[in-house]
Amino acid sequence: MNLGQYLFGYLQEKGSAELPGFGIFSIQKKSATLDEAEAKLLPPSFDVTFQRNTEIFNSDFSKYIAEKTGENLFIVQTEIKEINKTAKTVFDLMMVPFLII
């Protein structure tokens, strides 16, 4: 499952996505801007933010993926749970202070 692809699509439609046991992703569209120093017009873009929150149990994102793929909702939720577990491990490792000797 390409979770990133579905997440971006969901964010574009809804503005935010709650991933159960992990956190909340939000998106905000930025208009084109002029970089006066470089004399360039920068294209529109998106800012995606993340707020960690392990207490979320919303299943709307899982339902969205199940509808898009035709996959069983339970299977989608299980796959998201596994991806979240891996992401949480990586996230936790990034937050561990490094020991400098």
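Colleague: Which kind of pair do the rings of Tyr-10 and Phe-61 form, stacked or edge-to-face?

Modeller: By the rule used here, the count for this predicted model comes to seven aromatic pairs. In one of them, the ring centres of Tyr-10 and Phe-61 lie 5.3 Å apart and the planes stand at 70 degrees. Since planes over 60 degrees apart fall in that class, the pair is edge-to-face.

Colleague: How many residues apart are Tyr-10 and Phe-61, and which helices hold them?

Modeller: The pair links distant parts of the chain, with Tyr-10 in helix H1 (residues 3-14) and Phe-61 in helix H2 (residues 60-69). Tyr-10 counts as buried at 8% relative accessibility, and Phe-61 is buried at 2%.

Colleague: Which residues form one aromatic cluster with Phe-61?

Modeller: The rings of Phe-61 and Tyr-64 have centres 6.5 Å apart and planes at 15 degrees, so this pair is stacked. Both residues lie in helix H2, three residues apart, which is about one turn of the helix, and both are buried. With Phe-61, the members of the one aromatic cluster are Tyr-10 and Tyr-64.

Colleague: Is Asn-84 buried or exposed, and which residues beyond its neighbours within four places in sequence is Asn-84 in contact with?

Modeller: Asn-84 lies in helix H3 (residues 73-95). Its relative accessible area is 6%, and because the cut-off is under 20%, Asn-84 is buried. Leaving aside neighbours within four places in sequence, the contacts of Asn-84 are Leu-19, Pro-20 and Phe-22.

Terms used. Residues numbered from 1 in each chain as written. Predicted model: local features only at pLDDT ≥ 70, side-chain atom pairs only at ≥ 80, totals over all residues. Heavy atoms only, no water. Phe/Tyr/Trp six-rings, centres within 6.5 Å; stacked < 30°, edge-to-face > 60°. Helix = DSSP H or I, 4+ residues; strand = E, 2+ residues; numbered from the N terminus. Buried < 20%, exposed > 50% of the residue type's maximum accessible area, 1.4 Å probe, protein only. Contact = heavy atoms within 4.5 Å.
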